[in-house]
Amino acid sequence: MRVEREYHGVPLWVMRDYLIELGGTMIGEDCVRGEGWNATFREGEPVTLGVLRFGTIQGDFDGDAVVLNRVLAAFDLKMIRAGG
């Protein structure tokens, strides 16, 4: 299963830390791998809203459907944050 997502206003290091908390291991600067799943990140085009400018991170998640759905559900909860 492959899932592509776009995130705004969240630093890449925060996203990596969340996935490590969910059992992942860093594989290079742009990849986190866990048992049955893999997440790769890249910077996208910034988004401008009035005078505000938000960075964009593209996330590609691959893995076993059951495992990946569980990881993404937990990751989504972590991504609910003030200002993000």
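Colleague: Which residues of H1 are buried?

Modeller: The model is a predicted one, and burial in it is counted under 20% relative accessible area. The cover over the buried residues of H1 includes strands E1, E2, E3, E4 and E5 together with helix H2. The buried residues of H1 are Leu12, Val14, Met15, Arg16, Tyr18 and Leu19.

Colleague: How far from Arg16 is the nearest side chain of opposite charge?

Modeller: Arg16 belongs to helix H1, residues 12-21. Leaving aside neighbours within four places in sequence, Arg16 is in contact with Met26, Glu29 and Val32. A salt bridge requires a side-chain nitrogen of Lys or Arg within 4 Å of a carboxyl oxygen of Asp or Glu, and Arg16, although buried, has none. The nearest side chain of opposite charge is that of Glu29, at 4.8 Å.

Colleague: Which strands form the edges of the sheet?

Modeller: The sheet is open, with five strands in the order E1-E5-E4-E3-E2 and antiparallel pairing. An edge strand pairs on one side only, and this applies to E1 and E2.

Colleague: What is the bridge partner of Arg2 in E5?

Modeller: Strands of a sheet pair through backbone hydrogen bonds, either parallel or antiparallel. E1 and E5 run antiparallel and are joined by seven bridges. The partner of Arg2 in E5 is Asp62.

Colleague: What angle does the direction of H2 make with that of E1?

Modeller: Both helices pack on the sheet. H1 touches E1, E2, E3, E4 and E5, and its direction makes about 150° with that of E4. H2 touches E1, E4 and E5, and its direction makes with that of E1 an angle of about 10°.

Colleague: What is the angle between the planes of Tyr7 and Phe75?

Modeller: The structure holds four aromatic pairs. Tyr7 and Phe75 form one that is edge-to-face, with 5.7 Å centre to centre and 90° between the planes. The pair links strand E1, where Tyr7 lies, to helix H2, where Phe75 lies, 68 residues apart. Both Tyr7 and Phe75 are buried, and the angle between their planes is 90°.

Colleague: Which parts of the structure does the pair of Phe61 and Phe75 tie together?

Modeller: The rings of Phe61 and Phe75 form a tilted pair, 5.8 Å centre to centre with 55° between the planes. Phe61 counts as buried because its relative accessibility is 0%, and Phe75 counts as buried at 0% as well. Since the two residues are 14 apart in sequence, the pair ties together strand E5 and helix H2.

Terms used: Residues numbered from 1 in each chain as written. Predicted model: local features only at pLDDT ≥ 70, side-chain atom pairs only at ≥ 80, totals over all residues. Heavy atoms only, no water. Helix = DSSP H or I, 4+ residues; strand = E, 2+ residues; numbered from the N terminus. Buried < 20%, exposed > 50% of the residue type's maximum accessible area, 1.4 Å probe, protein only. Lys, Arg positive; Asp, Glu negative; His and termini not counted. Contact = heavy atoms within 4.5 Å. Pairing = 2+ DSSP bridges. Axes fitted to C-alpha atoms, helices over the stretch in contact; angles between N-to-C directions. Phe/Tyr/Trp six-rings, centres within 6.5 Å; stacked < 30°, edge-to-face > 60°.
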